[in-house]
Amino acid sequence: MEYFIGALKKYADFSGRARRKEYWMFILFYFIFGIVANVIDAIIGLPLLSLVLTIGLFIPSLSIAARRLHDTGRTGWWQLIALIPLVGIIILLIFLASDSHDDNNYGANPKAEGVMA
């Protein structure tokens, strides 16, 4: 949960780097909260909670993905490759799952520093 909260604290911070664990833990909790929101929406019969969750977490999702791509040595603009049907999302998932690179233009390797950043 600390990774999810940490990503929310860096709400619109598109600079720096994010380790794989930080990114995927954020996605895991986003997925869990999304399921809970959809169940509650199904009970009340109105897709209000899932809509609020999606809108509220849109910018943090973009920012943590950009930081994750920075960790792999790519610019955050690579997220736009997901707009290419089918192939784009597969390529983006491969980029997001790639291991960290050493120090690059986006900062020092977080693994080497031993910090959550």
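I started with Asp 41, which touches Leu 46, Pro 47, Leu 48, Leu 49 and Ser 50 once residues up to four places away in sequence are set aside. I noted that this is a predicted model.

Where does Asp 41 sit? I found Asp 41 in helix H2, which covers residues 20–44. One of its touching partners, Ser 50, also has a polar contact with Asp 41: their side chains are joined at 2.6 Å.

Asp 41 has none, though it is buried. The nearest side chain of opposite charge belongs to Arg 67, and that is 25 Å away.

Next I went to Arg 68, in helix H4 (residues 58–71). Is Arg 68 buried or exposed? I put it down as buried, because its relative accessibility is 0% and the cut-off for buried is under 20%. Which residues does Arg 68 contact, leaving aside neighbours within four places in sequence? I listed Ala 18, Arg 19, Arg 20 and Tyr 23, then Leu 96, Ala 97, Ser 98, Asp 99 and Ser 100.

Then I stepped back to the whole chain. I counted 6 helices and 0 strands. The C-alpha trace spans about 50 × 35 × 20 Å along its principal axes. Of the 117 residues, 33% count as buried. Among contacts with a separation of 6 or more, 69% come from residues 24 or more positions apart.

Last, I checked surface and charge. The accessible surface is about 7,000 Å², and carbon and sulfur atoms hold 73% of it. I noted 10 positive and 9 negative side chains, with the centres of the two sets 2 Å apart.

How values were computed
Residues numbered from 1 in each chain as written. Predicted model: local features only at pLDDT ≥ 70, side-chain atom pairs only at ≥ 80, totals over all residues. Heavy atoms only, no water. Helix = DSSP H or I, 4+ residues; strand = E, 2+ residues; numbered from the N terminus. Buried < 20%, exposed > 50% of the residue type's maximum accessible area, 1.4 Å probe, protein only. Contact = heavy atoms within 4.5 Å. Lys, Arg positive; Asp, Glu negative; His and termini not counted. Salt bridge = Lys/Arg side-chain N within 4 Å of Asp/Glu carboxyl O. Polar contact = N/O pair within 3.5 Å; in protein donor to acceptor, adjacent residues only side chain to side chain. Areas by Shrake-Rupley, 256 points an atom, 1.4 Å probe, with all protein chains shown as cover. Charge placed at Lys NZ, Arg CZ, Asp CG, Glu CD.
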